[in-house]
Amino acid sequence: MKVLVPIKRVIDYNVKVRVKPDHSDVDLANTKMAINPFCEIAVEEAVRLKEAGIATEIIAISIGNKSCQEQLRTALALGADRAIQIETDESLDALNIAKLLQKVVDEEQPQLVILGKQSIDSDNNQTGQMLAALTGMPQGTFASVVKIEGEKVNVTREVDGGLQTVALNLPAIVTTDLRLNEPRYASLPNIMKAKRKPLVVRPAADFGIDLTARTKLLKVTPPAERQAGIVVESIDELVEKLKNEAKVIS
Amino acid sequence: MSILVIAEHDNSSLKAETLKTVGAAQKIGGDITLLVTGFNCQNVVDAASKVNGVSKVLVADNAVYEHQLAENVSLLVTELAADYEHILATALTTGKNFMPRVAALLDVAQISDIIDVESSDTFVRPIYAGNAIATVQSLDSKKVITVRTTGFDAVATDGNAEIVNLDTVKDAGISSHVSDELTVSARPDLGAASVVISGGRGMQNGDNFKLLDGIADKLGAAIGASRAAVDAGFVPNDMQVGQTGKIVAPDLYIAVGISGAIQHLAGMKDSKVIVAINKDPEAPIFQVADYGIVADLFDALPELESKL
C-alpha cells in the first residue's frame, strides 16, 4: 500500500522561544529548526510498515517555503521514497493545510496517511482530524499501536483514562503519539542517497484552493513569569511553609 | 448568540471539566445548550440538566455514540451546528479527537485550547509549549473552540435545564470500537485534583512510584509523571503531565525527581504552589518552584510522608 506522510518544519524542541519586542509573533530568526518530533514518529512508522512488507511506497510531503526541503530530505534519508513540497511563503491555518493535503490524497490515493498528532509550535492538534473529515476517511488519532489487518487498520489510541482500540476501514488517517515508536537516526550513506531521491516542488496556488486566512493573530506575549521561590533546608521546614505560609495543606 | 457545549463524560458520570467549559461559554455570553452524546447515559443527562447557566440539554442516546467515535459524533454535531454561533468542547482527548473534524465539515477554522475569552470572536491560547501566549481572532462566522479547563472557573450545579431527546442517529459506518484498556485508580482524576504529586526519571523504576502513594493518600492527591517516567515504562501514559500529556493547575504540585524540561513545565506551571524535590540544585524545576528542597528523594519521601 501507498503511505503518505505529511511533515512540518518547526523550531527545535529544546529551544526556548523568544517573543518579539513588538508582540507581533515569536522570533524565529537564527533559531535551530528541525522536523516536528511527532512527524518524525510518523515517518518511522511508515518506514517500519515498508520493512514489514506492508507499505510499498512512502511519500513525504511538506507545505512551506524552500527551507522545508531540508526536513523533506531528512524524511527521505529515514526511508521515504519520494517527496513533495507545496511551496508557499504564507503561514497557513490548519484547515487550509488540510485542504491542500486533501488534493494530494485525491491524486495519490494512499491507503494510509500518517501525521503527527500535533506540531510543537502551534500546538493545534487539528490537521489529521480535518484531513480525515475532508477525505471522508476514518481517523485513529493519538496512536500508540498501528496494526494493518486485511482491509482494516486497528489503532490503539492514547486516551484520558488509558488506551482505546478502534478498527478503521482503509483508507484511513492515523496521527501519532509519542509512544508509537522510537525514530531511528539517518545514517550518512542514507543521507547521501536521499539527495538523489525525487523531490517535486509545486506552488500552493496551483491547487486552486482559496487559502485566505480564517484566523488573525492579534498579538503574542510572553507568559506571566513565576516568582522565584526559596530553597528550604529540611522536610520540617517544607511542611511548615506549606501549612502556614502557602496554606495549601492542613 | 447561542452556544453549543458538548458534554465530556464516560456514559456514567459527567466529567467535572465540563463545568469549566460551560464557564468559558458564559464568558463568551449567550444562550447555552449542552449536548450529551452517548449510550445508556441517563446519569450524565441528569447531571447535565443541573449545570448552571445551561438552558437546554440535548440528548443523543444511542449505541452508535457509546464510544464517542469521531466519525459519528462529528456528523451529529455538524448537523446541530446550524443553530449555533459557537461550538465548544473540552480540550481533553475526546474533544480534541472529534472537534477538528466538526470544524472541517463546517468549513471553519478551529481555535484550540483557549485559556481566556477577550470577546465573542477573540480568544487567548498558549503556543510553543506555553512559552508564548497568542491572542487570536476568528474570522469565520461560526467559532469552533476547544477549552483548556485550567483557564476557567467551574459553574455551580443547582440549575434546572430543559431536557430534549434527539432522534437523529448518525452512523458513518467506517470505524468501530474494539476494546478499552483503562487504568483503574481510586485516586482523584489528574485534571480535577487539587493536589498532584508527580515522579520523573529520578524515581528509577515503577516500584518506587509506591513511595508516592502514602503522601498522595495523606494529601488526597492524584499521581502524575513526566514523559521520561512514562517512556521508561515506570507508569502508564495517561499519567503524563506536559505539553502532550495532561495539563494540570492544582493548588499544590509536588515534582519529585523531575528535572523540569520545557515540555513538562507546559503541563503544570500554572499550578498555584509548586514544590520541587530534586538532588540536582541546577535542575530547571527550581526556577519555577515556590519551595525547593535539594535532597535525595529516597530519603525525602519517607520523611515527608511521616511528617504530614
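A: On a 1 Å grid over the protein atoms alone, a cavity is a set of points where a 1.4 Å probe fits but cannot get out, and lining residues have an atom within 4 Å of a point. Grid points are joined across faces, edges and corners, and a volume is the space filled by probe spheres set on the points. The largest cavity here has a volume of about 150 Å³. Its lining has 17 residues, and the closest to its centre are Gln118(A), Asp123(A), Asp113(B), Arg148(B) and Gln243(B).

Q: Before we go on, what kind of model is this, and how are residues and chains labelled?
A: This is a predicted model, in which local features need pLDDT of at least 70 and side-chain atom pairs count only at pLDDT 80 or more, while totals for chains, interfaces and linings use all residues. Residues are numbered from 1 along each chain as its sequence is written, chains are lettered from A and ligands numbered from 1 in the order in which they are written, and side-chain values use heavy atoms, with hydrogens and water left out.

Q: Which element gives the most to the lining of the largest cavity, and how do the lining residues divide?
A: Strand β5(B) gives the most, with three residues. Helices (H or I, at least four residues) and strands (E, at least two) are DSSP runs, numbered from the N terminus. For the division, Ala, Val, Leu, Ile, Met, Phe, Trp, Tyr, Cys and Pro count as nonpolar, Asp, Glu, Lys and Arg as charged, and the others, Gly among them, as polar. The lining of the largest cavity has five nonpolar, eight polar and four charged residues.

Q: How many cavities of 30 Å³ or more are there?
A: The count is two. The second largest cavity holds about 90 Å³ of space. Its lining includes Ile11(A), Asp12(A) and Tyr13(A) from chain A, and Tyr128(B), Ala129(B) and Gln243(B) from chain B. That lining divides into eight nonpolar, three polar and one charged.

Q: How should I read the word "buried", and what share of chain A is buried?
A: Buried means under 20% relative accessible area, exposed over 50%, and partly exposed in between (1.4 Å probe, protein chains only). Of the 250 residues of chain A, 54% count as buried. The secondary structure of chain A comes to six helices and 13 strands.

Q: Which residues of helix α4 of chain A are buried, and what covers them?
A: Helix α4 of chain A spans residues 127-135, and its buried residues are Gly128(A), Gln129(A), Met130(A), Leu131(A), Ala132(A) and Ala133(A). What covers them includes α3, β6, β7 and β10 of chain A, together with α4 and β5 of chain B. After α4(A) comes Gly136(A), with a positive phi near 75°.

Q: Where do Glu245(A) and Lys241(A) lie?
A: An α-helix has 3.6 residues a turn, so residues three or four places apart point the same way. Both Glu245(A) and Lys241(A) lie in helix α6 of chain A, four residues apart, about one turn of the helix. Their salt bridge has its closest N and O atoms 3.4 Å apart. Glu245(A) is partly exposed at 48% relative accessibility, whereas Lys241(A) is buried at 17%.

Notes: Contact = heavy atoms within 4.5 Å. 1 Å grid on protein atoms, 1.4 Å probe; cavity = no way out; pocket = protein on both sides within 12 Å on 5 of 7 lines; lining within 4 Å. Salt bridge = Lys/Arg side-chain N within 4 Å of Asp/Glu carboxyl O.
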